[in-house]
Each structure stands twice: as structure tokens, then as C-alpha cells.
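Visitor: I am new to this entry and would like to learn how to read it. Please show it to me.

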Amino acid sequence: MTNHHRSLRRPTRSYACVLLLQLCIVGPWSTTVEATPVWDIPDPVQTRINQAEALMRAGQRVEAIAALDETLTDYPGHRFTLYTKAKLLASSGRQDDAQKIVDILKQDDPVPEVVLHLQGFIHSRNGDWEQALEFYKQAYPAGHDRYMMNTMTEAYVRTEGTDATIDFLSEHLDRFPDEQNIRLTRGRLHARQQAWALALRDYEAVRDAMPQNPSPWKHIADLHMAQGDKAALGSAREAARLAPTVPEVLDTLGRALLAYGDPAEALAAMKKA
């Protein structure tokens, strides 16, 4: 197994836009925990948490927090509800408030791995990537969360570099082969290194697994354009059909049309973007 605990080094390039459009796959908010749940979650509580997550996805953060607070009134101190609220707060930029909840959860013995992962997430939101990665490593893999895996990946890139991150993601996908957002991230990192064949393999695997998701189509189009391949246009059109209002998708379509199609149509797409 590759040793992920090598000495820290700075990557040669910044981690800009590696996670572009990946929230189309997992959504902007997820409390899916891959390990066996560490807390008992009664059905009424799970229903309320699902409702709070739906509010979060809709951008109604105040309402989502209020829904969780109401749940905590009926189920005082319920751990998974507190955990979900801390994630929501951290995702909303309220790291100090999230940390107060984490401090409560860390009083449990033993401390659940998901709480350690959440601690890493809070550090990442504060820009402390090295400390974030240390908590992520303590929690992984039992406490990993699909959404927070994105920030664990970013922590790897920022502290250990692209090669080590690809190694880590490859081992992760051996354990969890259905996590298509992670496969897409690995493809992005391969593309950064101009390992086009490896990137295309990942993108096409995600596309085949989730053909109605625009993200792999967009990335395939970008890859083809980087290689000067007119096949980009077909993938860009499909991405735009699936996500006709997403600016990044429309920008890709516009560039593909400008290179391989109708300039007037390209201008129209870029204006929409």
C-alpha cells in the first residue's frame, strides 16, 4: 500500500477548480456516512434531517438550522442531529458555532470517526489544511463522508501534492468503487498532469454510471478540446442539454462551438453563461 504519511510538501500548482461541478453528483449537502451509523437514528429524526438537508440544498440555510433546532427540542442532545447541524454551520461559514457542537460530540468515549472527520472539515474551512489532513487521516476510512471527502482531497493536494493525492484516491476507489464524485476528481487530477488517457477513462466511467449527470460530459468535452479533438462538440451539447442553465456548462459549449461549430451559436451560448 502506498504510504500517505510521507513528509509534507507543497504542490507545484494551486488547487483551483478541481471540484468544478462535482456537487451536481453528490449535491451541495450530504450526511451520507459510509460506515455503519454510530448513533441510533429514529425514523422521525431521519425524516426531519432529510427535510433540513432539502432546505440546505435549496439555499434556505436559516430554515434548515431552525428545523434541526426544532428536532433537538423534541430529541434533546440527539447526536446525529447535532452532527448534522455542525456540518450545516461549518458549510455556512459559521465554523466557531460548529466547533462548539464538535466539542460536545468529542466528549463521547470513544470519539466517533465521523466527528474527527468533521473536525478536519472545520479546519479546512479555516484554511488550516495540514491540521485538517491530520484529522481526516485519523477518521479515514470509517468516518469518511462523501461530501467532506472533497475537502479531504483538497487537503491532500495542498499539502502532499497531486501524485500522492491520485494514489490516495485510487486506493479509496478500490474500497468504495461506486463513489463517482471521487472518480471524477481523480480524472481531473490526471487531466492536470496531461495524462489524457487516464483522465478520459475516469470521465467515461462516471458518464456510463450516471449518463444523466452533466459533469462527466462537460469534462469529456474539455478534455477533447485540450487535445484539439472535434468530438468535444458532441459531449458539450449533451452537457448543455442536461444542464441548460449552468454557466460553466454553457461556457464549455460556447468554446466548443467556436472551435468546431457555428460562431453565432457559440456567441449565444456564451451570452447565456
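Visitor: What is the mean pLDDT of the protein?

Guide: pLDDT is the predictor's confidence in each residue, from 0 to 100. Here the mean is 85, and 84% of the residues reach 70 or more. This is a predicted model, where local features need pLDDT of at least 70, side-chain atom pairs count only at 80 or more, and totals for chains, interfaces and linings use all residues. Residues are numbered from 1 along each chain as its sequence is written, and side-chain values use heavy atoms, without hydrogens and water.

Visitor: Over which residues does pLDDT stay under 50?

Guide: Where pLDDT is low, the predicted coordinates should not be read in detail. In this model that value stays under 50 over residues 1-37.

Visitor: Is Thr81 buried or exposed?

Guide: Buried means under 20% relative accessible area, exposed over 50%, and partly exposed in between (1.4 Å probe, protein chains only). Thr81 has 0% relative accessibility, so it counts as buried. Thr81 is placed in helix α4, residues 79-91; helices are DSSP runs of H or I with at least four residues, numbered from the N terminus.

Visitor: Which residues touch the most other members of the largest nonpolar core?

Guide: A nonpolar core is a set of buried Ala, Val, Leu, Ile, Met, Phe, Trp, Tyr and Cys residues joined through side-chain atoms within 4.5 Å. In the largest, of 42 residues, they are Tyr83, Met152 and Phe168. Helix α4 gives the most to this core, with seven residues. Another core, of 16 residues, lies apart from it and includes Met225 and Ala236.

Definitions and conventions. Helices (H or I, at least four residues) and strands (E, at least two) are DSSP runs, numbered from the N terminus. Contact means heavy atoms within 4.5 Å.
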